[in-house]
Every structure is written in C-alpha cells, then in structure tokens.
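Thanks, everyone. Let's get the structure up on the screen and walk through it.

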Amino acid sequence: MTRLVCVSSGKGGTGKTTVTSNLGAALTQFGTDTIVLDANLTNPNLGFHLGIPLYPNTLHDVLKGNAHITEAMYIHNSGLRVVPAGLSIEDLVDTSPENLSDVLLDTVGEPDFVLVDSAAGLGSESINAIEASDEVLVVTNPNLPAVTDALKTVNIAEEAGTDVLGIVVNRKTGHESELDEDEIESMLGHEVIMEVPEHEKVQEALAVKKPMVHHDPNHHVSERFKGVAAEVAGLDYEPDLREEGFFTKIVNKLR
Ligand SMILES: Nc1ncnc2c1ncn2[C@@H]1O[C@H](COP(=O)(O)OP(=O)(O)OP(=O)(O)O)[C@@H](O)[C@H]1O
Ligand SMILES: [Mg+2]
C-alpha cells in the first residue's frame, strides 16, 4: 500500500528538503519503491538537493492540468523517482495548489512511499500538503521559535486527521541554550525519532548536489538519516551513531 508522507515544519530552513532527499535516498537503498515530490511551489529546491537537471515537465504543469504526474517524474540514477517543481515565476501563474490531493491520489497503488517536501509557513500551500497526505514527519530545530511553529504543524495535522509519524530534530549544535529531546517531546506530544547534528558535511553534500547518504554513506549523519528511514518504514536497522574521532575532525578541517 502506498504511504503518502508529508515532511513539514512550520518554520523555514529547518531542513525539510534535506530530510526529504535523504529519507527518499535511504528508503530507496532499503529496497522500497519511493517517489519524492517538491510541493514547495513558491521556493522549490528539492531538485538542487538531488542534482536533477532542468526538466521539461514539473509539478506545476501537473497542477495546471497540462501534464500527467508520470510525465513530470525524473528517475534519479539511484532509482529514486523525483517530481521536481518549476523554478520560474511564470510557473506560479494559474497553478492550483488545491489540486495536489488529486495529483497524489494518481500516484497511489504502485510505489511504497510518496514523500512530499512541503513549503515553509502555515499558508494554504503547506496546509494543502498536510491535508493531502496520510502521515506527516515534523522537522524542527532545537529552539523555542522552531518548536512553537512545529506545534502549529502538529495541530494542523491532527485537525486534518493526518497521522503524526514523529519528530526529527535537525541542526542540533549541543549548545546549552537548546531544548533537549524530553522538552521537545513534551511540547509537541510526539516522539522524537532522531536528532541530527549540525554538520558541515550536510552543506558540502548540498554543494555537490547529492543527498548526504550518497555523498558520505558511512558518516554518522548519514546513519541518522538511515535511522529515520528505517523507523518510518518499520525496518530493523541499527544505525552506527559513533561520531568521527578528534583526529578525523582535524584532518577534515585541514582538507
Ligand atoms: N544537519 C544539518 N547540518 C548543517 N546544515 C544543514 C543541516 N540540515 C540542513 N542544513 C542546511 O540548512 C539549509 C536549509 O536546509 P533545507 O533547505 O533542507 O531547509 P528547508 O526546511 O527545506 O528550507 P525551506 O523552508 O526554505 O524549504 C541548507 O543549506 C542545508 O544544507
Ligand atoms: Mg525546503
């Protein structure tokens, strides 16, 4: 059965697209048939994270009724299927975000997962994405503004009847001012699936247009993304969360 999973956050820049691309890549590595779809219609960038070249048809064309979803699907060399969004301002003209639900229903049946990368904010664009999905994975950063916005996302999902799969706490630095896992769980009322540290390798992966799990598959940050994928898919996988040692850190810095 196809599971429609929205990756949402409320606050912008928490790492939704990073989580979507890595979750999609990891789920594909685990042997599932997965599609990732860029539902950030105003500021799409899932294509950059996955190195997708400009593509003739996009989600915008599908929402306008000018193309079928299968005509806007790019097959990444990893096997992951990607539905990018259009990058030009003109793409926004006559686009009907409310058609997203029908578009997602057109994907149901064949793949195991359709991951929906949502826009920031809690406007109609992101609410549509949550309402059109069966489940939502909430991405937050460990600070009060991000968690407060995540709570609004949780509330919207619960009102829409969309199951909250859990929370990914991304960009954790370990600074004492940050909220810890227990505080975030008690504020949001849902389990933290994984904490992902702030790490320069994630920026490096974006610069080479690869998900972290392809760029440096054995890195502990990649392992954390694989851990999220295993949890979402209900697979038995023990991620290796050991961080690089002191000397490796120094060598990486010098490179
Ligand atoms: N764990 C991390 N460590 C370091 N940098 C990160 C991490 N996660 C994400 N980033 C960086 O933060 C930036 C924002 O990430 P991303 O685009 O995934 O956020 P987003 O929530 O999708 O943003 P938007 O709300 O604009 O769609 C990117 O430059 C990304 O490389
Ligand atoms: Mg994004």
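**The sheet and what packs on it**

Start with strand S1, residues 3–8, and strand S6, residues 135–140: they run parallel and are joined by four bridges. Look for Ser 8; it stands opposite Val 138 in S6. Keep in mind that this is a predicted model.

Now widen the view. Which order do the strands take in the sheet? Reading across, it goes S3-S4-S2-S5-S1-S6-S7-S8. That is eight strands in an open sheet, with mixed pairing.

H5 lies across S1, S6 and strand S5, which covers 113–117. Against S1, H5 runs at about 150°.

H5 also has a helix partner. Helix H4, residues 100–107, and helix H5, residues 124–132, have axes that come within 9 Å. They cross at roughly 35°, and the crossing is right-handed. Who touches whom? On the H4 side we have Leu 100, Ser 101 and Leu 104; on the H5 side, Asn 128, Ala 129, Glu 131 and Ala 132. By class, that contact has four nonpolar residues, two polar and one charged.

Last, the whole protein. The count is eleven helices and eight strands. The radius of gyration is 17 Å, close to the 18 Å from the globule rule for 255 residues, so the protein is as compact as a globular protein of that length. Along the principal axes, the C-alpha atoms fill a box of roughly 55 × 40 × 35 Å. Of the 255 residues, 45% count as buried.

Technical notes
Residues numbered from 1 in each chain as written. Chains lettered and ligands numbered in written order. Predicted model: local features only at pLDDT ≥ 70, side-chain atom pairs only at ≥ 80, totals over all residues. Axes fitted to C-alpha atoms, helices over the stretch in contact; angles between N-to-C directions. Helix = DSSP H or I, 4+ residues; strand = E, 2+ residues; numbered from the N terminus. Left-handed = near helix turned anticlockwise from the far one by under 90°. Contact = placed C-beta atoms within 7 Å. Nonpolar A, V, L, I, M, F, W, Y, C, P; charged D, E, K, R; others polar. Pairing = 2+ DSSP bridges. Rg over C-alpha atoms; globule rule 2.2 N^0.38 Å. Buried ≥ 20, exposed ≤ 12 C-beta atoms within 10 Å, placed from the backbone.
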